[in-house]
Amino acid sequence: MTTTFPDETMLLDDADRLRAAAAFVREHDSATLLPLLLPGLGGPDLKELAEHCRFAHAGVLLFPPDTDGLRAQLADCGMAVDTPSHPSVVVRERLARRHQRDPAELDVRILRPQVHGAAGESRAVEVFALIVPPNSGLERIAAYERTRRHEAHLAFEIERPDPLVLRDLCAILARHGARPDGGGYNPHEDGTVLYFTTPSDAACGYRRLELYAHGGHHDALAPHLDHSDGYPRPRRGAPQPAETLLHMLTGAWTTQALASFARLRLPDAMDTRTAHRAEDLARLTGTHPRSLATLLRYLVMLGVIAQDDHVPDLGPGPNQEGGFRLTELGALLRADAPASMRPLALMYGGPFYHSFGGLDHAVRTGQPAFDHHFGENHFDHFARDPDLADLFDRSMAASSRMFQPLPAHPAITAAAQAPAPATVIDVAGGNGALLGHVLTAHPSLRGVLLERPHAVAAARRLLDAAGCGARCDYLAGDFADVPPGGDVYVLARVLHDWDDDRCREILRHCARAMPAHADLLIVERLLPADGSPSLATAWDLHMLCNVGGRERRADHYARLLADVGLHLHGHTPLPLDAHVLHVRKTTAQGPSRA
């Protein structure tokens, strides 16, 4: 392949730079381009990047005098003049910082006219257009940016992004000399951008690389911006302590805004592609238009929905604010979303929200605030109300994405490959989501689910629907009824409900039932030993307030296990800050059965 780089002599002409970028996009693909950007990249690191990162576009910053001038430039280069545009939040902020201007003075649009690769792949040139009217005072910015080419970059779209993939890809780039160089979240198109500068010896005319992930990936964005050279997080300035505390104090408003969004079934009336006016959504959901608009604007601020500047066929009229559509984040609250988080919103904005009002009681007495508020513990309270019990089970299933890597755990794969059929016993397995995930991945395995009677009925329905019911037995009972003879036992999100004495009792029941060769897999969130931020710390407070249990560190679990003759072999991370602890009997610390 012949590699074409932009000719330095044409960099000052917008149309020529646009043509050069289009030619570059047509020639390259991820596998050939990444080693040019990152000298020395090869082997597994190149394979990992090329597998997850699709070469999507080359970026160029243009300076048309107006939108008609921009359309003329696109037409001169044979590109679609009707390509839709959106405000560019990230580049506007970067330009404002670089030139010490108020962002409100800069009208930066982003559009992506399509360009096809050598094999017909759909790609684009990402055009950032800073409108520079004559005599506007912005001509100096344009002249500087044309020569420095700060915004020229090559972009790779991450396919199937998740926090672990993002973290691994950023680590690979860092190992090969790429340095964080800003980024941000654009709510207008619901996308997260991470910029990097490439090494100075890169064999490519572009010195900046972009990773683009659809959706709001704030956990990846925050540390990236913290390590960016000269680009602190975009904000008006460091917040004052009173402002920071005020945001904290209004956290309850966020909980109720999300819960109301779910209760009113607004997510089910929206999607991620079509923008709807607040008036139309009000008619669909039976809500007050002006009040609904207030809620929607708050949800835009949270990144749960996005507000578009234009809605087709909006028609004339006063007070038109554009339309609202779901972001990838907000789509998780649709009732029909895979692993929908709607039940969690209803639970955290319902019973658990009310009980948290008595947190001071829990701290003062050591007794759950839930019991104090409702007059009984949450297990009994939910069991007496079938609808509430169903909501609780569905809310537990909403976090089932933490179980996705579990079928690949060595203990389970060894059981699946054993000569004789093996059995996985899920103790207090809820509605069967975890067991169904394991049995679906391994058709040779059988399952046993131990649960309360009402939960067994729900699990039977779910596993039958998943096609696993014929390979599963159901046992209604308590922890004392853990059946013997299993090959792999699972305790998922169970021990954190209880104090240490009750945990030892539960673990004794498991140890008594486990054959010598059996493995026990415990899924819990682990409190970090170094005190770093973690969901486990938040759930520790939740357990105190609502259940009377606690989250624990790994060494705490190791001591509890040792007390009942079990040994912690190790633990590996799962999504949502969870871990799977691998446990065997102390007298059987050799490898699992194979």
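Guide: Start with helix α2. Its buried residues are covered by several elements, including α1 (14-27), α3 (43-52), β1 (53-62), β6 (153-158) and β9 (208-214). Keep in mind that this is a predicted model.

Visitor: Which residues of helix α2 are buried?

Guide: Helix α2 spans residues 30-37, and Ser-30, Leu-33, Leu-34 and Leu-37 are buried there.

Visitor: Why do you say that the buried residues of α2 line one face of the helix?

Guide: Look down the axis of α2. The buried residues fall within an arc of 100°, so they line one face. An α-helix has 3.6 residues a turn, so residues three or four places apart point the same way.

Visitor: Which residues of α3 and α7 meet?

Guide: From α3 come Asp-45, Glu-48, Leu-49 and His-52. They meet Val-165, Leu-169, Ile-172, Leu-173 and Arg-175 of α7.

Visitor: Why are α5 and α6 called roughly perpendicular?

Guide: Their axes come within 12 Å and cross at roughly 105°. The range for roughly perpendicular is 65 to 115 degrees. α5 and α6 are therefore roughly perpendicular to each other. Leu-95, Arg-98 and His-99 of α5 make the contact with Ile-141, Tyr-144 and Glu-145 of α6.

Visitor: Now a loop residue. Why does His-176 count as buried?

Guide: His-176 sits in the loop between α7 and β7 (179-186). The cut-off for buried is under 20% relative accessible area. His-176 has 17%, so it counts as buried. Leaving out residues up to four places away in sequence, His-176 touches Leu-38, Gly-40, Leu-41, Asp-45 and Pro-199.

Visitor: How do you know whether Gln-100 is buried or exposed?

Guide: Exposed means over 50%. Gln-100 has a relative accessible area of 75%, so it is exposed. Gln-100 lies in the loop between α5 (89-99) and β3 (108-111). Its phi is near 55°, a positive value in a residue other than glycine.

Visitor: What makes Ala-428 partly exposed?

Guide: Its relative accessible area is 24%. Buried needs under 20%, and exposed needs over 50%. Ala-428 falls in between, so it is partly exposed. Ala-428 belongs to the loop between β12 (423-427) and α21. Phi of Ala-428 is also positive, near 55°.

Visitor: On to the strands. In what order do the 7 strands of the open sheet lie?

Guide: The order is β14-β13-β12-β15-β16-β18-β17, and the pairing is mixed.

Visitor: What makes β14 and β17 edge strands?

Guide: Each of them pairs on one side only. Neighbouring strands of this sheet are turned by 20° against each other on average, direction ignored. Helix α22 (residues 453-465) packs on the sheet and touches β13 (446-451) and β14. The direction of α22 makes about 170° with that of β14.

Visitor: How do you know that β17 and β18 pair?

Guide: Two strands pair if there are at least two bridges between them. β17 (residues 566-574) and β18 have 8 bridges, in the antiparallel sense. His-567 stands opposite Arg-584 in β18, and Leu-574 stands opposite Ala-578.

Visitor: How many bridges join β16 to β18?

Guide: There are 6, and strand β16 (residues 519-525) runs antiparallel to β18. Val-523 has Val-580 in β18 as its bridge partner.

Visitor: Why is β18 called mostly covered?

Guide: Count the buried residues. In β18 (residues 578-585), 8 of its 8 residues are buried. The buried residues of helix α20 have β18 in their cover, along with α21 (433-441), β15 (488-492) and β16, among others. Those buried residues of α20 are Ala-411, Ile-412, Ala-414, Ala-415 and Ala-416.

Terms used
Residues numbered from 1 in each chain as written. Predicted model: local features only at pLDDT ≥ 70, side-chain atom pairs only at ≥ 80, totals over all residues. Heavy atoms only, no water. Buried < 20%, exposed > 50% of the residue type's maximum accessible area, 1.4 Å probe, protein only. Helix = DSSP H or I, 4+ residues; strand = E, 2+ residues; numbered from the N terminus. Arc of directions from axis to C-beta. Contact = heavy atoms within 4.5 Å. Axes fitted to C-alpha atoms, helices over the stretch in contact; angles between N-to-C directions. Parallel < 35°, antiparallel > 145°, perpendicular 65-115°, else oblique.
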